[in-house]
Amino acid sequence: MSQDQTSFLDALLGPGLGRNAKLERIAGLLNWAPIGALAAQVRPGSTGRPPYAPLAMVKALLLQQWYGLSDPGLEEALSDRLSFRRFCGFALDAPTPDETTICRFRNALAEKGLGEKIFATVLAQLDAKGMILREGAIIDATLVQAAVNPPPLDEGAGVKSALDPDADWTRSGPKRVAMFGYKAHVATDQGTGFIRRAQLTPAKTAESEVCDAIMPLDVRAVYADKAYEKKERRRRLKEAGVKDRIQHRANKHHAITPWQAARNRLITPLRSAIERTFAVFKRLYGWRRVRYRGLTRNANHLMLIACAYNLRKAAKLAA
């Protein structure tokens, strides 16, 4: 029996049993077929348990983000929560994936770069529904600790971890506190907060190095703090007809003028709206520390988080 079909046992359940209004709204938001087609590129092995429907596995990974579940926790939830089974398309009497299957599928998505493609597909459908305003784009980055213990900082600059060689050191904040891990660079839609682009790098990568790769030019304005200031970037925005709302910063040769300081103060409350996105990442999705080792797997996880974030926000707007 196909996993996206109900069984005789499902037909015996009461109409309200196992219903979850939020998940049902999310399920109805999208045409899931293109996402299933992307996920189908993950080929099951010739041995082991029978493969599960790729789309069901993607939906299971989304549930993992929304509910902050570990792989063992997701295995257990899929086994006994009717709403999770219905969202994924598992019949009541059908088997569900164990933690090893979940882990292998997620790793296969990462190896093929499918997380980013699934994110783009979800965003395109939300855009087609008119949910992306394009009034402006807000760009910023947030630090996320590595999953492994940091190497001794006193060993000198550039020291790496043998357990996660992609993670790196940086210093942040007014007190220049050292942090070992990664940096998530994100661009959000002003007004709605939808994530439009995201990229993960080692923590030491400067924000300005990634800005042009994630900066949308189909908006009226781009908002960013002084870490993103660059003459070439300002010129690029002007040529594209996009309002430059990047804050000014002083350098060793020039202090900012009173006019620039006043402009910075006006930009700050608009730019800082992206902090709410990062708060959701860290408080709701538990992403103060990455879950995995290596840039590829953690970048894939960022894409899954971004998908989950956008779908949850879209469901609230559609309610």
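**Figure 1. The whole protein chain.** The chain has 13 helices and six strands, which are DSSP runs (H or I of at least four residues for helices, E of at least two for strands) numbered from the N terminus. The radius of gyration, taken over C-alpha atoms, is 22 Å, close to the 20 Å given by the globule rule for 319 residues, so the chain is as compact as a globular protein of that length. The globule rule is 2.2 Å times the number of residues to the power 0.38. Along the principal axes, the C-alpha trace spans about 75 × 50 × 30 Å. Residues are numbered from 1 along each chain as its sequence is written, and side-chain values use heavy atoms, without hydrogens and water. In this predicted model, local features need pLDDT of at least 70 and side-chain atom pairs pLDDT 80 or more, while totals for chains, interfaces and linings use all residues.

**Figure 2. Helix α4 against helix α13.** Helix α4 (residues 54-66) packs on helix α13 (residues 295-318) at an angle of about 80 degrees, and their axes are 9 Å apart. Axes are lines fitted to C-alpha atoms, for helices over the stretch in contact, and angles run from 0 to 180 degrees between N-to-C directions. The two helices are therefore roughly perpendicular (65 to 115 degrees). In contact (heavy atoms within 4.5 Å) are Leu61, Leu62, Gln65 and Trp66 of α4 with residues of α13 including His301, Leu304, Ile305 and Leu311. By class, this contact has eight nonpolar, two polar and one charged residues. Nonpolar means Ala, Val, Leu, Ile, Met, Phe, Trp, Tyr, Cys and Pro; charged means Asp, Glu, Lys and Arg; the others, Gly among them, are polar.

**Figure 3. Helix α7 against helix α13.** Helix α7 (residues 99-111) and α13 pack at about 100 degrees, with axes 9 Å apart. This makes α7 roughly perpendicular to α13. Arg106, Asn107, Leu109, Ala110 and Glu111 of α7 meet Thr296, Arg297, Asn300 and Leu304 of α13. Three nonpolar, three polar and three charged residues make up the contact.

**Figure 4. Helix α12 against helix α13.** The axes of α12 and α13 cross at roughly 110 degrees and come within 11 Å, which makes α12 roughly perpendicular to α13. From α12, Thr277, Val280, Phe281 and Leu284 meet Leu302, Ile305, Tyr309 and Arg312 of α13. The contact divides into six nonpolar, one polar and one charged residues.

**Figure 5. The second largest pocket.** On a 1 Å grid over the protein atoms alone, a pocket is an open set of points where a 1.4 Å probe fits, with protein on both sides within 12 Å along at least five of seven lines; lining residues have an atom within 4 Å of a point. This pocket holds about 340 Å³, the space filled by probe spheres set on grid points joined across faces, edges and corners. Of its 18 lining residues, Thr192, Gly193, Arg276, Tyr309 and Lys313 are the closest to the centre. Helix α12 (274-284), strand β3 (177-189) and α13 each give two or more residues, and α12 gives the largest share, five. The lining has seven nonpolar, six polar and five charged residues.

Terms used. Parallel < 35°, antiparallel > 145°, perpendicular 65-115°, else oblique.
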